Amino acid sequence: MSDKPFDYWEFFRGEAQRADSPLYMRLSEGVRDNPELREFAAQAKKGQPPANILFGAVHYLLLQGADHPLRCFYPNLNSGTRIEGEDPLPHFLDFVAAHRAQLAPLIVSKITNTNEVGRSSLLHAAFRAVAKDAGEPLNLIEIGPSAGLNLIWDRYGVRYHRGDKIFELPVPNPALVIDCQLRGDKNPPLGPTPKIASRIGLELNPVNLDDADQRDWLRALVWPDTRGRFERLEAALKAYASERPEIRTGSALDLLPDAIRAIPEDQPVCVYHSYVVYQFSAEMREALDSILTLAGLRRPIWRIGIEGELDGSNTIEMTRYHDGVRDAQTLALCHPHGAWLDWRQ
């Protein structure tokens with residue numbers, strides 16, 4: 001084990017590298033080596049990741065029309081070009097200095113309610129695994145759905161790729177199609193989409209998609225040199241406009257017991273979350289586990305968690321709670337945005 005102290009900005013740099021975002025890799029290096037900027041970003045709300053908030057705030061101002069040479073380094077704002085041979089960092093530092101008054105209130109108030117639609121390629125596989133174990137129809141409860149775009153995961157098609165082979169899921173009239181590379185030698189479940197009896201989201205800070213500024217913040221949290229994510233987001237926004245599943249506002253830990261009790265006891269329940277619980281305190285994680293353990297005394301409860309670890313790994317975990325017993329298994333390793341999947345079961 002390394003004795004080197006944990007450096008958040010070096011960790012985020014690694015995240016950007018794994019996500020193939022050279023722009024955010026370089027900007028992370030710049031903040032890492034700049035104590036004043038680190039302190040500025042550290043004003044983010046407790047529990048919020050400073051890098052996502054700082055970079056999202058800068059991106060938000062650019063999306064809203066801020067005129068600055070930094071725009072040229074954002075592929076989603078320059079027709080898709082990754083600028084090579086010129087360092088974006090000096091322009092970033094100048095932008096932050098020039099727009100500090102506009103950035104400051106964003107940093108202290110905004111939260112990372114990202115809605116990465118690519119993760120639905122992972123949810124398709126995970127819910128098929130749950131349905132195989134639990135039966136159908138499934139009753140789904142999402143913790144931290146943000147705008148709710150992954151509540152309608154079954155409206156999106158998926159193409160899994162391994163070499164020259166393509167495995168396309170049978171989704172009729174998909175609102176968009178997500179491409180996902182398969183790693184390893186096992187295929188994820190490829191059968192029909194499980195039947196869904198109900199779906200709700202529990203969200204402390206839901207995104208109002210009728211508000212243009214909130215839509216821009218959702219876009220700002222997408223990393224700018226991953227253009228496919230923007231295209232998926234726009235298609236999902238259109239699909240969501242006609243679906244609008246229920247999202248209940250409040251603390252998930254407060255709302256979850258009643259949400260579970262409302263579901264008929266002869267139907268399976270699956271609680272799921274993706275890149276949400278990492279923001280929970282240790283006490284909140286323990287409380288969530290306790291709620292599910294207690295609910296599992298009356299009927300089986302399934303849980304799907306897609307979360308990242310400090311070592312850089314990202315996994316899909318399936319846990320079954322029943323009669324006071326907690327059975328957990330790792331279904332897969334995965335890319336944080338759903339670009340690849342390494343199925344392990």
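Tyr60 and Trp217 are both buried. This holds in a predicted model. Tyr60 has a further neighbour, Lys110, which lies over the face of the Tyr60 ring at 5.6 Å from the ring centre.

Aromatic pairs were then examined across the structure. A pair of aromatic rings is described by the distance of the centres and the angle of the planes. The structure holds 12 aromatic pairs. One of them joins Tyr24 and Phe55. Tyr24 belongs to helix α2, residues 22-32, and Phe55 to helix α4, residues 50-63. The pair therefore ties together parts that are 31 residues apart in sequence. Tyr24 is buried, with a relative accessible area of 2%. Phe55 is also buried, with a relative accessible area of 2%.

Tyr60 and Trp217 form another aromatic pair, and this one is edge-to-face. The centres are 5.9 Å apart, with 70° between the planes. Tyr60 lies in helix α4, whereas Trp217 lies in helix α8, residues 212-220. The pair links distant parts of the chain, 157 residues apart.

Ring pairs also build a cluster. Its members are Tyr8, Trp9, Phe12, Tyr24, Phe55, Phe92 and Trp223.

Definitions and conventions:
Residues numbered from 1 in each chain as written. Predicted model: local features only at pLDDT ≥ 70, side-chain atom pairs only at ≥ 80, totals over all residues. Heavy atoms only, no water. Phe/Tyr/Trp six-rings, centres within 6.5 Å; stacked < 30°, edge-to-face > 60°. Helix = DSSP H or I, 4+ residues; strand = E, 2+ residues; numbered from the N terminus. Buried < 20%, exposed > 50% of the residue type's maximum accessible area, 1.4 Å probe, protein only. Lys NZ or Arg CZ within 6 Å of the ring centre and 35° of its normal.
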